[in-house]
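Here are my notes for your first look at this entry. Keep the viewer open and check each point as you read.

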Amino acid sequence: MSLFRELIFPLIAVVAAFFVGGILILVIGDNPLQAYGLLFGSAFSWPVGIGYTLFYATPLIFTGLAVLVAFRCGLLNIGAEGQLYIGAFATAWVGITFAGLSPWLLIPMCFIAAILGGGMWGAIPGVLKARFGSHEVINTIMLNFIAVALLSYFTQYHYKSPGDPIMQTVPIGEGAHIARLGGFIPGLPEFIPLNLAFVLALICCGLVYIFLWRTKWGYELRATGTNPSAAEYGGISVRKQIIVAMTISGALAGMVGINEVLGYRYRYYDGFSDNYGFTGIAVALLGRNHPVGVIISALLFAILQRGGIPVDAFTEHVTKDIVQVLQGTIILFVAAEAFFRGPFAKFGLLKRSKV
Amino acid sequence: MLELRNITKRFGAVLANDKVNIVVKPGTIHAIVGENGAGKSTAMRIAYGFYKADEGEILVDGKVHDIGTPHDAIAVGIGMVHQHFMLVDTMTVAENIVLGAEPGSGIALDFAKADVEIRRLSEEFKLAVNPHAVIEHLSVGQQQRVELLKALYRHARLLILDEPTAVLTPQEVEEFFSILRRMREQGKTVVIITHKLTEVLAISDEVTVMRDGRVVGRLQTKATNAAELARLMVGREVLLRVEKTPAKTGNAELSVRNLSVTDRGGANSVKDVSFEVRKGEILGIAGVEGNGQTELMEALAGLLSPSQLSGEIRVEDRDITREGARLRRELGIAHIPEDRHRRGLLLEFDLAENSILGVHYRHPIVAYAGTFLDNGAIRRRAVEIIEGFDVRPANPDLPARALSGGNQQKLIIGREFKVDPKLLLVSQPTRGVDIGAIEFIHRKLVGLRDSGCAVLLVSAELEEVTSLSDRLLIIHEGRIVGEVDPRVATIAEIGLLMTRGH
């Protein structure tokens with residue numbers, strides 16, 4: 001029953017968004033069924049569609065988890081974008097600087113660099129909040145700008161190969177490459193960049209679940225998120241929890257760099273993120289701040305992203321911007337859940353009200 | 001004046017009112033008593049048009065009226081003052097009173113006319129308030145008068161008051177009662193919903209007792225007593241007086257020396273307080289709320305920053321003034337906070353998770369590498385607390401939010417007793433709790449004291465604090481202004497210390 005309740009509202013939001021999008025497509029002058037057919041058909045085609053959908057889902061799972069962990073501690077991390085950039089650059093730096101090392105050493109070092117880089121960038125607003133009470137939303141937004149500007153500078157003036165017109169660093173060492181799943185799954189071509197980072201993302205979902213609901217640290221973090229005064233009363237240091245949550249959140253966002261740098265481009269590419277950090281907020285929201293929900297909603301957003309291209313190509317009027325309309329509408333509907341709940345809530349409230 | 005005839009009301013599967021018959025005679029003060037959930041508020045909300053009855057009819061002055069909204073109720077002369085005031089904090093008294101019944105025609109407000117009317121009413125009923133004062137600057141007692149004026153301004157002849165004394169200090173209650181008596185003299189009818197028996201006996205003419213949605217007694221106040229009312233409310237014999245043997249006290253468990261607390265605003269809320277609590281005794285602190293009790297208890301529980309404290313807090317021989325809440329808990333200090341929603345519970349968490357707050361990081365809750373929670377152990381602990389303290393419904397998977405106030409309180413008390421404390425800090429242990437549960441909680445507290453625990457009790461209920469305590473301190477404006485022997489001191493004597501400070 002409670003699972004049903006958890007699922008029903010996100011589901012309504014998605015269906016309603018597709019309905020609204022359908023009307024829009026109709027008004028523009030195309031057949032909504034044809035457009036949606038193209039969208040899902042391409043996203044689910046084997047092997048290319050599915051391969052790319054899962055590849056697109058990977059960064060969204062990481063950022064969705066990042067937002068989730070902060071949210072469970074009562075914090076809104078708008079800074080996953082900056083954290084993932086720092087993580088990606090950190091892992092690229094290690095891959096470039098220690099290019100000659102054996103993979104057995106280099107890959108773990110690169111992983112740690114991504115985690116530490118993102119974690120550190122997330123810890124800054126955590127410490128600021130715990131120490132001075134400054135609001136994490138403001139600080140994470142500011143740190144996004146700082147991260148982007150800082151990394152552009154390093155890419156342009158220190159890590160670009162001379163004469164390269166593209167804003168990207170020199171390649172990382174071969175030993176830092178992680179395997180593409182095409183190498184293991186028959187029928188999946190290796191040109192599809194879906195890589196081991198996807199498996200890592202799924203593992204992280206499991207770890208986040210265990211951490212939050214099965215360990216004493218997760219208990220303290222969630223207790224702080226639901227009622228800091230009561231947490232304090234129970235002997236939990238609220239300040240410490242804020243720093244811990246923001247650090248873990250940043251570390252998860254930083255792991256996007258593993259997918260991007262070690263599994264896909266094999267270098268740091270300036271401005272690579274397609275707003276993964278911000279979409280992560282929507283992913284967590286739609287996924288009800290639960291790891292399983294995050295997987296499902298990350299997949300949905302990846303389907304939209306992948307399916308937008310053929311919709312653009314094979315319909316007369318509709319462009320791939322329809323994807324953004326759908327994403328936006330989903331978020332609106334999820335955010336307007338209170339409105340949906342209205343009639344239900346009223347009933348529930350009456351039942352519970354003091355007699 | 002007002003008659004409810006065979007009123008039945010269901011909320012889903014819950015039968016809130018089952019063929020309720022209530023007759024309120026004109027010009028009387030009529031008390032409706034019952035435990036939380038007995039259906040008294042529901043019945044009165046039906047009379048006021050908040051809910052619609054599934055069956056039955058409402059008669060006003062002998063005629064059947066269809067009261068579907070509060071508007072209909074006001075039209076026939078029924079007014080209601082809710083437990084939580086419905087006032088706009090930033091508006092003046094006069095503006096609040098006329099809100100929704102604005103004088104004058106069209107868009108122009110005739111405040112002069114309203115002013116005259118408000119002054120006339122406050123004169124007639126001796127409800128002294130300045131019509132131009134802003135609500136947020138008024139005391140709770142004054143705000144209540146505004147609510148009464150609001151109803152009178154709308155020509156209410158019958159006033160329904162839902163738990164009106166819950167928010168008042170003992171002195172304000174006396175004042176409030178004289179207002180009610182004046183209203184009765186002026187021909188108004190008053191219905192007062194309450195679960196405090198002393199108040200019923202002090203103010204009412206007639207009593208209707210409700211239990212489990214049914215009327216179980218209609219009595220003349222003069223012909224009844226507290227024991228009979230309690231028995232009707234709970235459905236069995238209730239001990240109103242706490243039974244306890246003389247305290248067998250040991251050494252001092254807690255000693256507080258020259259403790260002062262500085263608020264964030266810079267003011268001192270606790271001033272140079274010194275006292276000891278010995279093993280095996282209950283030390284009570286009585287005082288009007290807001291005289292530093294809250295800050296004192298938070299300081300002792302380790303919930304304030306050390307920079308706010310001066311003086312010394314010792315447990316046995318250890319100075320804990322600068323220690324945090326976790327270490328204090330490890331030293332055997334348990335704490336039942338005054339605000340169970342803000343401090344005591346994680347309302348979104350289930351009962352099992354709530355039952356481990358404070359010990360959640362220790363053996364036996366944490367097994368496996370000192371990291372992972374042992375769900376079996378958590379459940380066992382939760383079930384032991386639920387059974388030992390009769391928490392209902394007895395389901396560890398329910399969120400704490402789903403419980404009634406009394407059951408939430410029993411859960412907190414059970415959790416804090418479970419750690420076998422050496423020192424128990426307890427604030428307002430029975431606030432908003434039913435009579436049956438109050439008796440239970442009192443017995444548990446005395447039992448804990450008999451087992452050698454030191455108990456420091458703060459309560460706004462004078463009767464509670466005098467009957468439970470072995471020694472009683474009086475606090476006024478953050479200072480301890482006196483110690484009395486609760487066995488011989490009179491309520492009047494204590495009340496005087498509480499308000500005047502000497």
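1. Start with overall size. This is a predicted model. Chain B has 502 residues, and a compact globule of that length would have a radius of gyration near 23 Å. The value for chain B is 25 Å, so it agrees with the globule rule. Along the principal axes, the C-alpha atoms of chain B fill a box of roughly 70 × 50 × 45 Å.

2. Next, the make-up of the chain. Chain B contains 18 helices and 22 strands. Buried residues account for 42% of its 502 residues. Take the contacts in chain B between residues at least 6 apart in sequence: 67% of them join residues at least 24 apart.

3. Now find one sheet. In chain B, 4 strands form an open, antiparallel sheet in the order 2-1-4-5. Strand 2 (14-24) and strand 5 (63-65) of chain B are the edges, each pairing on one side only. Neighbouring strands here are turned by 30 degrees against each other on average, direction ignored.

4. Look inside that sheet. Strand 1 (residues 2-11) and strand 4 (residues 55-60) of chain B pair in the antiparallel sense over 5 bridges. B:L2 stands opposite B:V60 in strand 4. Helix 1 (residues 40-47) of chain B packs on the sheet and touches strand 1, strand 2 and strand 4. The direction of helix 1 makes about 115 degrees with that of strand 1.

5. Last, the chain contact. Which residues take part? Chain A gives 17 residues and chain B gives 31 residues. On the chain A side, helix 8 (216-226), helix 9 (228-233) and helix 15 (337-352) each supply at least two residues. By class, that side has 6 nonpolar, 6 polar and 5 charged residues.

Note on methods:
Residues numbered from 1 in each chain as written. Chains lettered and ligands numbered in written order. Predicted model: local features only at pLDDT ≥ 70, side-chain atom pairs only at ≥ 80, totals over all residues. Rg over C-alpha atoms; globule rule 2.2 N^0.38 Å. Buried ≥ 20, exposed ≤ 12 C-beta atoms within 10 Å, placed from the backbone. Contact = placed C-beta atoms within 7 Å. Nonpolar A, V, L, I, M, F, W, Y, C, P; charged D, E, K, R; others polar. Pairing = 2+ DSSP bridges. Axes fitted to C-alpha atoms, helices over the stretch in contact; angles between N-to-C directions.
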